[in-house]
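Have the viewer open while you read.

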Amino acid sequence: MADEELEAIRRQRMSELQAKQGDASNNQQQGEEAKQRETDMRNTILAQVLDQSARARLNNLALVKPDKANAVENYLIQMARFGKLGGKISESGLIEILEKVCQQTEKKMTVTFNRRKVMDSDDEDDDD
């Protein structure tokens, strides 16, 4: 009797674990689908906002500096959503936007020297 009960509990636990794994894979699949929809939406908006040469420049920038390209894309999408873009942006317009974004994200670096006082060898010579 105990063996049958143990086997039933094992089967029930196995089915619960399989159900959880199924839910996890469904959640992962839904997350991937959501990411794909978001990238499709971003590409659609950027295609409407940028002309061909500007889009090519942005794609080249994404290969070299993905963080900056992402910042520019976010800026363009935000401008498009608020209706602040008058039409398609040319390559020269994109360059101006790149300069603005670079100025905003530019890190100011300062170098400070910490000079330590070291015993000077000339002081020892005076004692002779």
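## The buried face of α2

In the predicted model, Ala54, Arg55, Leu58 and Leu61 of α2 are buried (under 20% relative accessible area; exposed is over 50%, partly exposed in between, with a 1.4 Å probe and protein chains only). Looking down the axis of α2, these buried residues stay within an arc of 120°, so they line one face of the helix (the arc is taken from the directions from the axis to the C-beta atoms). Turned away from that side are Gln52, Leu63 and Val64, which are exposed.

Helix α2 covers residues 52–64 and spans 19 Å from first to last C-alpha, close to the 18 Å expected (1.5 Å times one less than the number of residues). Helices here are DSSP runs of H or I with at least four residues, and strands are E runs of at least two, numbered from the N terminus.

## Packing on α3

Helix α3 (residues 66–81) packs against α2 at about 140°, axes 6 Å apart. On the α3 side, the contact includes Val72 and Glu73 (contact means heavy atoms within 4.5 Å).

Glu73 is buried, at 15% relative accessible area. Arg42, Leu46, Arg55 and Leu58 all touch Glu73, leaving out residues up to four places away in sequence.

## Confidence and conventions

Mean pLDDT (confidence from 0 to 100) is highest for α2, at 91, and lowest for α5, at 57. The chain averages 82.

Numbering starts from 1 along each chain, and side-chain values use heavy atoms, without hydrogens or water. Local features need pLDDT of at least 70 and side-chain atom pairs 80 or more, while totals for chains, interfaces and linings use all residues.

Terms used: pLDDT is the predictor's confidence in each residue, from 0 to 100. Axes are lines fitted to C-alpha atoms, for helices over the stretch in contact, and angles run from 0 to 180 degrees between N-to-C directions.
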